[in-house]
Every structure is written in structure tokens, then in C-alpha cells.
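Okay, thanks for coming, everyone.

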Amino acid sequence: MSQGDIDFLSRGAHTNLRILFSQMDANILPNRELYAESLRSLNNLAEYRRLRIFAGNDTNPPVIWFVLLVGGLFTISFAYFFGMKNVKAQYIITTTLTVTITLILFLIYVLDHPFTGTSKVSLDPLKQAMAIMQKE
């Protein structure tokens, strides 16, 4: 997912489970409630996987980036309308505002790419959970 691609290898296990459940005859099962709950869980598994895929692909479109950048430029240029008698104070205020807006835009960019960079989501907790589930 760090390259923006979806890993379709996990789809194979779900497909095998779905085929297994579709081949069962619900009329001859001794515990129909358990079968129904298992089907419900399988459906939830597929639904939550789809939601994770959609959440992973949810990025800010270029139009929103354009609006953010233009808004930052307007905000910085608006600071020049408050002309100060001390030019040094005007430069400090404008520089502080520029750095603040730049840091906010950088934070938006970093949080928009959750599977890359220093703030990337690690696979270690998922691997640990899978190891625990395989042991049981």
C-alpha cells in the first residue's frame, strides 16, 4: 500500500472461505445459528476490507491542494496590508506567518500519505495479530 497499490493476495483466502461456505448445505447443518453467524462474520470481514482499501486510497485531490496553496498565498499577502512603522517587525510577522502556513501544509501532505515517510503505518502490529490468530 505504500506505493498506492492494493495487495490482492489477501483476496484469495477470502475467496476460498466464501466458496467453502457456499458449498455447504444449510438444511443439513446441525447448528444453523452458528452457520448464520459465520456468514455474517465473513460478510463483515469483506466489508471492513473494502473500507480499509477505500480509506487507504483517500487522498486530497489536486483542487483542494490548489485552494490550500492559494489561500496560504492570500493570507501571507494580506499581512502586507498591515504596514508597520518598524520594517523589522513586519518581516518577523510575515516570516512567522509564512512558516506556520508552510508547516500546516506539510502536515496535511504527510497525513495524506499514511503508508510512506516517517509517519507511515507499520505492518508489525498486523503481523503480531496474525501470528496470534494462527496459533489459536
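Predicted model: local features only at pLDDT ≥ 70, side-chain atom pairs only at ≥ 80, totals over all residues.

Let me start with a term: buried means under 20% relative accessible area, exposed means over 50%, and partly exposed is in between, with a 1.4 Å probe and protein chains only. Residues are numbered from 1 along each chain as its sequence is written, and side-chain values use heavy atoms, with hydrogens and water left out.

The chain has five helices and zero strands; helices (H or I, at least four residues) and strands (E, at least two) are DSSP runs, numbered from the N terminus. Read from the N terminus, the order is α-α-α-α-α. How much of the chain is buried? Of its 136 residues, 12% count as buried. The accessible surface is about 11300 Å², and 67% of that belongs to carbon and sulfur atoms. Those areas come from the Shrake-Rupley method with a 1.4 Å probe, and for residues only the protein chains shown count as cover. As for contacts, meaning heavy atoms within 4.5 Å, take the ones between residues at least 6 apart in sequence: 57% of them join residues at least 24 apart.

Next, helices 3 and 4. Helix 3 covers residues 62-79 and helix 4 covers residues 87-112; they pack at about 170 degrees, with axes 9 Å apart. The axes are lines fitted to C-alpha atoms, for helices over the stretch in contact, and the angles run from 0 to 180 degrees between N-to-C directions. On our scale, under 35 degrees is roughly parallel, over 145 roughly antiparallel, 65 to 115 roughly perpendicular, and the rest oblique. Helix 3 and helix 4 are therefore roughly antiparallel to each other. Who makes the contact? On the helix 3 side the residues include W65, L68, G72 and I76, and on the helix 4 side they include Q90, T94, L97 and I101.

Let's zoom in on two of those. Q90 sits in helix 4 and is buried, at 8% relative accessible area. Leaving out residues up to four places away in sequence, Q90 touches A79, Y80, F82, G83 and M84. T94, also a helix 4 residue, is buried too, with a relative accessible area of 5%. Beyond neighbours within four places in sequence, T94 contacts I76, A79 and Y80.

Over to charges. Side chains of opposite charge can pair when their charged atoms come close. How many salt bridges does the structure hold? One, where a salt bridge is a side-chain nitrogen of Lys or Arg within 4 Å of a carboxyl oxygen of Asp or Glu. The partners are R40 and E37, with their closest N and O atoms 2.4 Å apart. Both lie in helix 2, three residues apart, about one turn of the helix. R40 is partly exposed at 45%, and E37 is partly exposed at 40%.

Helix 2, residues 32-56, also holds L45, which is partly exposed with a relative accessible area of 43%.

Last stop, helix 1, residues 10-23, which is where R18 sits. R18 is partly exposed at 46%. Its C-alpha is 7.6 Å from that of L42, and the pair is 24 residues apart in sequence. S22 is in helix 1 as well, and S22 counts as exposed at 57%. From S22 to L39 is 17 residues along the chain and 9.5 Å between C-alpha atoms.

That's my tour; over to you.
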